Amino acid sequence: MKKVYGSAADALDGLLSDGMLIAAGGFGLCGIPELLIDALVESGVKDITIASNNCGVDGFGLGKLLDTKQIKKMMSSYVGENAEFMRQYLSGELELEFNPQGTLAERMRAAGHGIPGFYTKTGVGTVIAEGKDVKVFNGEEYILEEGIFADLSIVKAWKADETGNLVFRKTARNFNPPAAMCGKVCVAEVEEIVPTGSLDPDAIHLPGIYVHRIIQGDHEKRIEQRTIREA
């Protein structure tokens, strides 16, 4: 099966529909699928729900989809870097489902393993627990969190082979593996595509069975807050 596509637009062709749920990898601006996000903007798809740790920054990353009002709902754990996100949420233009960071990652990972839900102590006694099933294990309360089964996953990796095996670079690994796993279809953008068989099997972070389409491209890799120390 062909997995390598010539562009982000080609790789998303036939996969997009209004109102869909998209899981996006990345943490802040580290390891985000920049090219696929741009292709989503150009596609005009609307009323989408995005599950991602955050929503980029103003004018970059997922923040571009906020500027074009294509996002209806965000499922996130951190939203502090984006003024437009705050404005849309406070004005009632954007729905927000807050998730503790580890819970969000596990909801994605669980779905990728076919697990519909799990119980966790995180959020017990807070607004996170409102409306959720509560069970007691060993005298402690736990709340039920459901897996995130996305219509589409978009992720960014360092290397891929032609069968879709992915290698992530350092902290860019972050949310990308669980986000990739939880989508019915996963599209990955990478910096380099290498011949099949050239990757050390022990170095592969995500097996190609999870990845359906791949593109190669150049990335800006912007830094949210550049901090340097004095010499």
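**Contacts, sheet, cysteines and rings**

Me: Which residues does Glu97 touch, not counting residues up to four places away in sequence?
Reply: Contact means heavy atoms within 4.5 Å. With residues up to four places away in sequence left out, Glu97 touches Lys73, Met74, Met75, Ser76 and Arg107.

Me: Which pLDDT do local features need in this predicted model?
Reply: Residues are numbered from 1 along each chain as its sequence is written, and side-chain values use heavy atoms, with hydrogens and water left out. The model is predicted: totals for chains, interfaces and linings use all residues, side-chain atom pairs count only at pLDDT 80 or more, and local features need a pLDDT of at least 70.

Me: Is Glu97 buried, partly exposed or exposed?
Reply: Glu97 belongs to strand S4 (residues 95–98); strands (E, at least two residues) and helices (H or I, at least four) are DSSP runs numbered from the N terminus. Buried means under 20% relative accessible area, exposed over 50%, and partly exposed in between, with a 1.4 Å probe and protein chains only. The relative accessibility of Glu97 is 24%, so this residue counts as partly exposed.

Me: In what order do the three strands of the open sheet lie?
Reply: Two strands pair if DSSP finds at least two bridges between them. The pairing in this open sheet of three strands is antiparallel, in the order S5-S7-S6. Pairing on one side only makes two of them edge strands, namely S5 (117–120) and S6 (134–137). The order asked for is S5-S7-S6.

Me: How far apart in space are Arg109 and Gly147, C-alpha to C-alpha?
Reply: Arg109 has its place in helix H5 and is partly exposed, with a relative accessible area of 30%. Not counting residues up to four places away in sequence, Arg109 touches Ile115, Pro178 and Met181. Arg109 and Gly147 are 38 residues apart in sequence, while their C-alpha to C-alpha distance in space is 7.7 Å.

Me: How many disulfides does the structure hold?
Reply: A disulfide is a pair of cysteine sulfur atoms within 2.5 Å. The number of disulfides in the structure is zero.

Me: Which cysteine has the sulfur nearest to that of Cys30?
Reply: Cys30 is in no disulfide, and the nearest cysteine sulfur is 17 Å away. Cys30 is partly exposed at 28% relative accessibility. The nearest sulfur is that of Cys55.

Me: What is the angle between the planes of Phe137 and Tyr142?
Reply: Rings of Phe, Tyr and Trp (its six-membered ring) pair if their centres lie within 6.5 Å; planes under 30 degrees apart count as stacked, over 60 as edge-to-face and the rest as tilted. The structure holds two aromatic pairs. Phe137 and Tyr142 form one that is edge-to-face, 5.4 Å centre to centre, with an angle between the planes of 85 degrees.

Me: Which residues form one aromatic cluster?
Reply: Phe137 is partly exposed at 37% relative accessible area, and Tyr142 is partly exposed at 23%. The cluster is formed by Tyr119, Phe137 and Tyr142.

Me: At what distance from the ring centre of Trp158 does Lys159 lie?
Reply: A charge sits over a ring if NZ of Lys or CZ of Arg is within 6 Å of the ring centre and within 35 degrees of the ring normal. Arg169 lies over the face of Trp158 at 5.2 Å from the ring centre. Lys159 lies over the face of Trp158 at 4.6 Å.
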